[in-house]
Amino acid sequence: QVQLEESGGGSVQAGGSLTLSCAASGITYNWYCMGWFRQAPGKEREGVASIDKDGTTSTYADSVKGRFTISRDNAKNNLYLQMNSLSPEDTATYYCAAVYRWRVTCPNPIHNSDVSYWGEGTSVTISS
């Protein structure tokens, strides 16, 4: 049974920081490209950041470049998103995503249609 379990969401003031974590189980983690998506109320789900299978290449949405950092620990089957300089526009539910790509290059960036498994999401609220 595949599980992607996000944690670390919460409420902070603008300018603050949060670190999201995603614990993966039921998959061979290093066969999967990983990513973070977010969905704000009334908006479509959008890609935030993605990282390849060995963690050497990452991609960011323009809206978060320079503020967010994605990383992964393949020994622990964990994915992270360090978020700094948060603004109210970052308020959303954040989802962990796994893309199966054994022996194949990761898509860059990851799109919704690429995703093999989704987490249930963690809520992030930024107040002004």
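**Exercise 1.** How many disulfides does the structure hold, and which cysteines do they join?

*Solution.* The model is a predicted one, and its structure holds 2 disulfides. As a first step, take the pair Cys-22 and Cys-96, whose sulfur atoms lie 2.1 Å apart. As a next step, take Cys-33, which a disulfide joins to Cys-106, again with 2.1 Å from S to S. When the bonded cysteines are counted along the chain, the disulfides follow the pattern 1-3, 2-4.

**Exercise 2.** Describe the link of Cys-22 and Cys-96: its handedness, the parts of the chain that it ties together, and whether its cysteines are buried or exposed.

*Solution.* Begin with the angle about the S-S bond, which is -75°, and the link of Cys-22 and Cys-96 is left-handed. Then place the two residues: Cys-22 lies in strand E3 and Cys-96 in strand E9, so the pair ties together parts that are 74 residues apart in sequence. Finally, recall that buried means under 20% relative accessible area; Cys-22 is buried because its value is 1%, and Cys-96 is buried because its value is 0%.

**Exercise 3.** Carry out the steps of Exercise 2 for the disulfide of Cys-33 and Cys-106.

*Solution.* The torsion about the S-S bond of Cys-33 and Cys-106 is about -100°, so this disulfide is left-handed. Cys-33 is found in strand E4, whereas Cys-106 is in the loop between E9 and strand E10 (117–118), and the pair links distant parts of the chain, 73 residues apart. Both Cys-33 and Cys-106 are buried.

**Exercise 4.** Which residues touch the most other members of the largest nonpolar core, and which strands each supply at least two of its residues?

*Solution.* The largest nonpolar core has 28 residues, and those that touch the most other members are Met-34, Trp-36, Leu-79, Leu-81, Met-83 and Tyr-94. Among the strands that each supply at least two residues of this core are E3 (18–25), E4 (32–39), E8 (78–83) and E9 (92–100).

Definitions and conventions:
Residues are numbered from 1 along each chain as its sequence is written. This is a predicted model: local features need pLDDT of at least 70, side-chain atom pairs count only at pLDDT 80 or more; totals for chains, interfaces and linings use all residues. Side-chain values use heavy atoms; hydrogens and water are left out. A nonpolar core is a set of buried Ala, Val, Leu, Ile, Met, Phe, Trp, Tyr and Cys residues joined through side-chain atoms within 4.5 Å. Buried means under 20% relative accessible area, exposed over 50%, partly exposed in between (1.4 Å probe, protein chains only). Helices (H or I, at least four residues) and strands (E, at least two) are DSSP runs, numbered from the N terminus. A disulfide is a pair of cysteine sulfur atoms within 2.5 Å.
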